[in-house]
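I opened this notebook to record what I looked up in the model. The sequence and structure come next.

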There are 6 protein chains.
Amino acid sequence: MKIKVIMPITSDIFNEEILEEVKFYASETTEVGVTSLDYGPASVESEYDEALCVPNFLEKAKEAEEEGYDGVISDCFGDPGVKPAREILDIPVVGACESSMLFASSLAKSFSVVTVLPNVVPMIENISKTLGVNGNLASVRYVNIPVLEVHDKDRLKNGLYEEMIKAIEQDGAHALVLGCTGFMGVAAELQQRLKQNGYEVPVIDPVFAATKLLESLIAMGVKQSRLTYMTPPSKERIKA
Amino acid sequence: MKIKVIMPITSDIFNEEILEEVKFYASETTEVGVTSLDYGPASVESEYDEALCVPNFLEKAKEAEEEGYDGVISDCFGDPGVKPAREILDIPVVGACESSMLFASSLAKSFSVVTVLPNVVPMIENISKTLGVNGNLASVRYVNIPVLEVHDKDRLKNGLYEEMIKAIEQDGAHALVLGCTGFMGVAAELQQRLKQNGYEVPVIDPVFAATKLLESLIAMGVKQSRLTYMTPPSKERIKA
Amino acid sequence: MKIKVIMPITSDIFNEEILEEVKFYASETTEVGVTSLDYGPASVESEYDEALCVPNFLEKAKEAEEEGYDGVISDCFGDPGVKPAREILDIPVVGACESSMLFASSLAKSFSVVTVLPNVVPMIENISKTLGVNGNLASVRYVNIPVLEVHDKDRLKNGLYEEMIKAIEQDGAHALVLGCTGFMGVAAELQQRLKQNGYEVPVIDPVFAATKLLESLIAMGVKQSRLTYMTPPSKERIKA
Amino acid sequence: MKIKVIMPITSDIFNEEILEEVKFYASETTEVGVTSLDYGPASVESEYDEALCVPNFLEKAKEAEEEGYDGVISDCFGDPGVKPAREILDIPVVGACESSMLFASSLAKSFSVVTVLPNVVPMIENISKTLGVNGNLASVRYVNIPVLEVHDKDRLKNGLYEEMIKAIEQDGAHALVLGCTGFMGVAAELQQRLKQNGYEVPVIDPVFAATKLLESLIAMGVKQSRLTYMTPPSKERIKA
Amino acid sequence: MKIKVIMPITSDIFNEEILEEVKFYASETTEVGVTSLDYGPASVESEYDEALCVPNFLEKAKEAEEEGYDGVISDCFGDPGVKPAREILDIPVVGACESSMLFASSLAKSFSVVTVLPNVVPMIENISKTLGVNGNLASVRYVNIPVLEVHDKDRLKNGLYEEMIKAIEQDGAHALVLGCTGFMGVAAELQQRLKQNGYEVPVIDPVFAATKLLESLIAMGVKQSRLTYMTPPSKERIKA
Amino acid sequence: MKIKVIMPITSDIFNEEILEEVKFYASETTEVGVTSLDYGPASVESEYDEALCVPNFLEKAKEAEEEGYDGVISDCFGDPGVKPAREILDIPVVGACESSMLFASSLAKSFSVVTVLPNVVPMIENISKTLGVNGNLASVRYVNIPVLEVHDKDRLKNGLYEEMIKAIEQDGAHALVLGCTGFMGVAAELQQRLKQNGYEVPVIDPVFAATKLLESLIAMGVKQSRLTYMTPPSKERIKA
């Protein structure tokens with residue numbers, strides 16, 4: 001099967017890293033493609049950024065389907081464009097946030113998300129509400145590091161670890177979700193560190209979760225319901 | 001006070017009619033401006049349309065603030081652009097759907113929405129969930145008339161009346177909300193017709209509701225919370 | 001339009017102040033009347049007080065309708081008499097608590113109420129449950145000042161400010177509601193003080209909210225649903 | 001132990017019948033007293049009636065405590081006066097509706113109430129919301145017989161049976177609650193009739209439920225929490 | 001009436017104590033029988049223990065019915081075997097946890113449970129969810145004392161008192177439930193101690209609650225609904 | 001990776017068929033083992049059957065871990081033994097029902113389950129409540145065919161199709177879940193038949209879902225949280 005990862009940001013410097021990562025997560029037989037946007041925001045850290053990235057995301061998603069991909073991942077924790085893409089595509093579309101929340105719900109009675117900035121907390125809470133798992137969401141915490149600075153892995157991991165401990169001890173989280181698709185390659189280490197400190201809880205990497213959910217849906221031969229995501233009526237739509 | 005109504009569609013043929021209507025709804029001392037989009041969809045009838053209308057909506061909203069308006073209405077029942085606009089504007093921003101649901105909740109234990117097409121039903125349900133009044137939403141019904149055909153008022157009113165009766169008798173609705181901002185000038189007549197047939201229930205016009213909510217917020221000197229709608233970090237955002 | 005504010009307490013010493021305040025909140029063209037009770041409690045600070053104030057409140061509400069008023073405000077944050085008055089009146093009836101909670105829900109993902117005494121906390125929570133917005137209620141806090149002592153504005157404002165900060169920092173409130181109709185004339189100042197300290201959140205004055213909601217409903221030509229608030233059957237009702 | 005049943009209506013013609021009934025329900029060693037009101041409505045069929053019956057109910061409840069009773073039942077399915085009485089009494093106070101809903105929740109995953117008139121449906125739903133069992137309430141149905149006409153037992157039983165069948169088959173009810181304290185002496189027969197027709201479901205008599213709940217609470221040495229039902233501050237309260 | 005208390009553990013050393021206790025709780029005319037298991041766990045402190053105790057519990061419950069008992073209590077706070085026993089018995093079956101939660105809901109807007117070990121917290125929360133009162137559950141706390149060590153009453157009472165204070169002050173509990181059926185004979189004293197320290201809140205003993213609920217159901221002539229708890233189809237079931 | 005499918009019934013006649021099926025669902029590199037029980041019920045169609053199958057299921061699950069399996073599937077839609085097995089195993093344990101509900105939630109705003117008999121409807125609803133997705137569950141319907149008769153595939157498929165249509169048209173389901181692990185090999189055909197009749201909705205096979213969820217969890221290196229599923233304290237546990 002072939003899956004396409006669309007980074008809804010206008011920079012291709014991460015493309016290679018993402019490609020390697022998703023290939024590592026995916027089954028051996030899965031072919032992975034990665035793309036980013038031609039126009040839109042440099043990163044997604046607000047409803048505003050999300051609004052600006054979606055139009056080009058939808059074009060890229062449509063292209064992926066035309067290129068023969070079997071499924072699409074919106075590679076950002078705000079799940080930008082996932083709902084409209086489900087309307088216009090006949091292949092499954094998944095988002096990193098929804099995927100993580102579903103896997104976390106299968107492993108623990110409650111989970112917390114640790115994300116980048118306070119700006120995106122309400123967006124993440126709203127996704128839990130429309131997905132219907134908000135009763136399992138213990139809290140959304142943040143490390144206060146902008147998306148484009150998460151490459152400082154030590155600062156990131158320490159920030160995440162600190163907030164995870166608070167999520168467990170103060171908010172009642174029994175599982176943890178990394179709340180940014182830029183938090184690559186740190187889940188396993190954080191899970192290990194928590195375990196060494198007495199908390200044997202799963203730490204979900206959102207890109208890993210989205211990859212496995214998408215592969216599962218494709219394997220099962222299912223995609224989004226056309227009753228929830230109906231094909232949009234045809235009409236004139238003027239481009240910018 | 002000055003309020004700006006932004007129709008998130010690329011057609012200005014309704015602008016004059018909307019202007020007259022909102023002036024009629026607004027207090028005498030309120031100044032009203034109306035605009036539509038330069039690019040985007042001809043009408044909003046899906047998540048996809050909504051995604052495409054938001055970028056230009058946000059530009060128009062920003063312009064309105066710069067022109068000295070005191071508040072902005074997103075004149076479409078899917079409330080497109082309301083959340084991101086709240087992030088980037090320092091004046092209150094309201095949507096027709098949220099406004100109607102709040103007024104309906106003040107008048108009855110439950111309400112139904114009657115909208116245009118089945119495509120937008122999940123969007124409206126999702127708004128009720130993120131607004132937190134989904135427990136009051138009895139149902140979302142539709143007349144199966146596309147937005148751009150609602151000018152046939154007799155067909156529209158009959159379709160709405162029929163669905164309203166079903167909403168009351170089958171779904172337990174105690175109040176009714178017109179689920180499209182294009183359903184202009186029919187609320188009072190439908191409320192009257194329902195009353196004559198034994199159902200003394202309020203019928204909410206969404207543009208009327210948005211106008212009164214916005215005027216109220218401006219009068220009260222309040223606007224969206226900066227904790228829920230934080231100012232987006234500055235960054236490069238490439239235009240289409 | 002003409003609106004009647006009924007203070008459900010047996011003292012007319014605040015009538016003049018309330019009259020001035022509501023006139024200030026209302027549109028210029030709105031005529032305002034204020035009355036208090038002939039019998040009942042000196043203030044409302046419990047379910048017990050509420051029970052005792054309602055019979056005369058209902059008589060006053062009926063009188064207001066007969067005098068030609070277009071709508072009635074129950075001027076107490078426990079919304080005493082609002083539901084039964086909606087049954088017996090053909091003009092809209094609003095309460096301060098319900099009105100505030102709806103406006104707050106339009107501005108933020110969550111809100112807290114700061115009220116007078118712990119006694120009324122469950123009453124306020126119950127209103128949020130029957131109104132259907134309890135999911136948005138972050139907390140109900142109190143300043144521990146009895147209703148009849150709130151005239152000490154400095155003590156009041158400091159108490160409110162302190163609890164508001166706790167509501168934001170500890171309970172996750174993103175908007176604030178003053179939980180007593182006696183907290184007159186302090187909302188704007190508190191909103192300003194919070195902003196100066198980094199919290200740009202709306203502070204809702206409940207009498208202002210009730211006034212604007214009532215004016216809006218009257219303007220829209222809607223009133224309480226007769227399906228939720230049916231006319232009581234006629235029968236003998238013996239007066240005390 | 002001694003329990004007092006207060007009928008919140010101004011007629012003593014049912015007192016003897018109620019006395020016999022509650023004695024039959026109660027343990028042999030329980031002493032039962034019954035009283036009705038001096039002023040208030042002839043029956044309770046609306047929020048309005050409920051508002052008018054509560055002041056004298058509270059006086060009667062206070063008297064009962066002073067007379068040495070160990071607990072009080074508000075003998076009406078709208079539970080009038082229960083919350084304020086809990087504030088002013090140091091003995092447990094129970095209502096017929098709350099009691100029935102709790103027993104029903106112990107026997108089935110869902111229950112329906114069958115009451116007198118549509119007027120009281122929202123009141124009963126609101127009780128389920130403030131009690132916290134609204135998720136178990138399948139529906140509230142009504143026989144459309146006024147309280148003072150329920151003495152025609154055949155009409156009553158047939159009406160109840162018909163609605164109970166609809167509650168089971170259409171609304172998913174797995175238990176049934178008689179929604180009026182005037183529906184005396186019919187629960188067992190209806191339960192039997194349902195069983196003979198293939199539905200082996202419990203039918204709860206609300207006065208029976210209130211009696212057993214109250215006896216249980218007294219036996220257990222518990223009463224309403226003073227944190228939820230605080231003692232009202234002392235103040236002037238002018239009588240009508 | 002005759003009620004049977006089944007301790008779902010393999011030790012009969014507590015049988016005499018339990019018998020005395022339940023006799024003390026029950027009405028004078030109630031006959032009480034107590035039994036424990038032949039095989040299963042020594043105590044119930046996990047889902048695992050619960051799974052192991054249920055098969056023999058069901059045999060004992062069936063025996064009780066055959067011996068002419070009118071109702072059965074599952075004498076463990078995890079309510080083991082209650083649901084399957086309701087399917088195979090024609091007499092009412094109650095659990096200690098469900099019973100306590102229903103009584104607590106009748107006395108306060110919220111309650112906390114204080115149990116033995118952290119292991120059983122999710123089980124208790126799940127019972128509140130399937131019973132439908134999870135909205136009233138403020139928290140589940142634990143004293144960290146294994147079931148078989150609760151006989152040290154001083155350690156137990158101090159541990160319970162400490163957690164009760166935290167439940168009230170930190171979690172918003174307005175009533176308290178002892179979360180283990182081994183916490184015998186301490187409820188009244190703890191209620192008294194809390195009152196002396198300013199918290200006049202009910203403390204529910206779970207065995208007392210189960211006894212009174214069961215007696216009430218038997219007296220009312222009701223038992224579990226056959227729509228929720230259908231008789232299992234007959235089939236081969238191989239014993240271990 | 002190696003996964004073990006445990007059929008919680010005492011018959012090995014389906015083992016070969018299940019083995020073939022799960023091998024077909026699983027990735028090529030996944031090794032599959034299947035076992036059934038030595039003692040317990042012939043099929044699981046009630047809480048009672050579930051209670052009887054769990055003890056041996058847990059032994060089989062423990063054995064699987066000792067044999068080096070990487071994860072375990074409880075191959076029955078009631079998810080018997082899943083929670084206690086999670087406590088005693090250090091490899092992930094999934095159930096067919098939970099898995100299906102999570103995948104369905106990723107594809108549609110609502111889903112219905114179609115199962116075998118009315119007996120198991122409350123069990124399935126309870127799983128949705130403890131999993132936290134009950135808000136997405138439109139209904140649980142049944143074909144009224146006992147588990148051991150589902151081999152008549154034509155009767156089964158017609159029964160399922162009929163109920164699926166009702167779930168969509170009457171209950172608002174937007175996705176469908178086969179509610180019995182014995183419904184093998186029919187999902188794709190039913191999905192196709194629904195599509196041909198205008199309903200393009202996903203149909204989830206529960207064994208397929210459990211297989212893909214388990215493979216995903218193993219690949220991601222996560223398992224059940226030790227905070228939700230703590231290791232049971234050691235103690236004497238007497239075997240039957």
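How many helices and strands does the secondary structure of chain A come to? I counted 8 helices and 10 strands in chain A, where helices (H or I, at least four residues) and strands (E, at least two) are DSSP runs numbered from the N terminus.

I noted that this is a predicted model, in which local features need pLDDT of at least 70, side-chain atom pairs count only at pLDDT 80 or more, and totals for chains, interfaces and linings use all residues. Residues are numbered from 1 along each chain as its sequence is written, chains are lettered from A and ligands numbered from 1 in the order written, and side-chain values use heavy atoms, with hydrogens and water left out.

I then looked at the overall form of chain A. Its C-alpha trace spans about 55 × 35 × 35 Å along the principal axes. Of its 240 residues, 72% are buried (under 20% relative accessible area, 1.4 Å probe, protein chains only).

I turned next to the interface of chain F and chain A. Each chain's share of the contact (heavy atoms within 4.5 Å) is 43 residues. About 3400 Å² is buried between them, 63% of it on carbon and sulfur atoms; this is the accessible area (1.4 Å probe) lost on being put together, summed over both parts. In chain F, the greatest losses to chain A fall on F:L107, F:M220 and F:L227, together 19% of what that side buries.

I found 2 salt bridges across this interface (a side-chain nitrogen of Lys or Arg within 4 Å of a carboxyl oxygen of Asp or Glu). A:K223 and F:E200 meet in a salt bridge at 2.7 Å, N to O.

Key:
Buried area is the accessible area (1.4 Å probe) that two parts lose on being put together, summed over both. Buried means under 20% relative accessible area, exposed over 50%, partly exposed in between (1.4 Å probe, protein chains only).
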